[in-house]
Amino acid sequence: MNPQELKQILSSGLLSFPLTDFDDQGNFNALTYAERLEWLAPYGASALFAAGGTGEFFSLTPTEYSDVIRTAVDTCRGKVPILAGAGGPTRTAIALAQEAERLGAHGILLLPHYLTEASQDGLIAHVEAVCASVKFGVVVYNRGQCRLTADSLEKLAARCPNLIGFKDGIGDIELMVQIWRRMGDRFSYLGGLPTAEVYAAAYKALGTPVYSSAVFNFMPKMAMDFYHAIAADDHATTNRLLDQFFLPYLEIRNRKAGYAVSIVKAGARLVGHSAGPVRAPLTDMTAEEDAMLLKLITAQGAQ
């Protein structure tokens with residue numbers, strides 16, 4: 001799949017980031033991870049991002065990273081495209097991107113470089129170096145320490161033909177309007193704020209109808225129903241699901257830092273598709289919080 005073909009796929013439909021399965025000792029569990037992907041693939045996501053933020057990329061060793069991407073590619077071959085998360089220091093990001101390409105992934109989501117602040121020139125050099133190291137498509141994630149401006153993206157677009165996507169995890173509407181008006185259809189634009197459904201209608205109005213759903217990991221039917229309702233401007237359905245599920249869900253998620261991942265792992269366990277515990281520095285939810293989430297899940301019916 002060439003970068004432009006990947007861009008076309010990412011320009012419509014719902015995206016998701018599968019959880020990474022760990023056993024009781026906290027080790028990667030390839031068997032249950034493959035079973036998870038086989039369960040999720042038929043629900044109709046346009047692409048799945050292996051070892052992304054929800055997949056706890058930040059906690060994986062290099063060997064585990066290879067195992068996760070290999071398992072995802074092999075399991076979903078011919079079913080749904082796989083993009084790999086890749087990030088960290090520039091040379092680390094390059095090594096991971098090249099490994100993902102070697103293993104047959106269709107592209108990468110370039111995650112933030114972490115910790116140190118950087119100028120726009122430095123961010124441009126970082127993204128450009130990663131793009132130049134591979135042939136497949138790259139989607140850059142604007143979040144944390146990576147906050148590219150419209151000017152920087154315009155420079156990168158001219159230098160990096162395989163930079164085909166821009167994912168926003170900041171929520172700066174002014175910046176998004178500047179980027180959209182400047183770059184037009186040069187990129188595929190993805191909404192990437194945590195619990196993206198809450199922002200989906202606003203981002204669609206900005207020209208960003210595609211987003212990634214973490215809830216898809218345990219409520220795939222509801223996640224797809226919500227996406228189709230957003231696409232059809234079915235406000236009755238979106239408002240009902242916001243009131244009945246997503247806004248109460250946010251109240252649980254916002255109880256503790258890091259729960260954006262922990263609550264998804266809890267949801268998967270509660271619906272019978274456990275991915276094991278989260279890894280430190282994240283913490284699992286309490287029994288009381290699990291009960292609150294189960295009540296929301298049960299009210300939405302079978303998936």
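**View 1. The largest pocket of the predicted model has a volume of about 560 Å³.** Of the 32 residues that line this pocket, those closest to its centre are Gly53, Thr54, Tyr141, Arg143 and Val261. Two or more lining residues come from each of strand S8 (210-213), helix H10 (235-253) and helix H11 (259-270), and H11 gives the largest share of the lining, with four residues. By residue class, the lining of the largest pocket divides into 18 nonpolar, 10 polar and four charged residues.

**View 2. A salt bridge joins glutamate 64 and arginine 279, with the closest N and O atoms 2.6 Å apart.** Glutamate 64 belongs to helix H3 (residues 62-76), whereas arginine 279 sits in the loop between H11 and helix H12 (287-299), so the pair ties together parts of the chain that are 215 residues apart in sequence. Both partners are buried: glutamate 64 has a relative accessibility of 12%, and arginine 279 has a relative accessible area of 15%. A search of the whole structure finds 13 salt bridges.

**View 3. Arginine 182 and glutamate 154 form a salt bridge in which the closest N and O atoms are 2.9 Å apart.** This pair links distant parts of the chain, with arginine 182 in helix H7 (residues 173-183) and glutamate 154 in helix H6 (residues 150-159), 28 residues apart. Arginine 182, at 39% relative accessibility, counts as partly exposed, and glutamate 154 is also partly exposed, with a relative accessible area of 38%.

**View 4. The side chains of aspartate 233 and lysine 204 meet in a salt bridge of 2.8 Å, N to O.** Because aspartate 233 lies in the loop between helix H9 (220-231) and H10, while lysine 204 lies in helix H8 (residues 200-205), the pair ties together parts that are 29 residues apart in sequence. Aspartate 233 is partly exposed at 46% relative accessibility, and lysine 204 counts as partly exposed at 26%.

**View 5. Asp151, Glu154 and Arg182 are joined into one network.** The network is made by salt bridges that share partners, and one of its salt bridges is the pair of arginine 182 and glutamate 154.

Key: Residues numbered from 1 in each chain as written. Predicted model: local features only at pLDDT ≥ 70, side-chain atom pairs only at ≥ 80, totals over all residues. Heavy atoms only, no water. 1 Å grid on protein atoms, 1.4 Å probe; cavity = no way out; pocket = protein on both sides within 12 Å on 5 of 7 lines; lining within 4 Å. Points joined across faces, edges and corners; volume = space filled by probe spheres on them. Nonpolar A, V, L, I, M, F, W, Y, C, P; charged D, E, K, R; others polar. Salt bridge = Lys/Arg side-chain N within 4 Å of Asp/Glu carboxyl O. Buried < 20%, exposed > 50% of the residue type's maximum accessible area, 1.4 Å probe, protein only.
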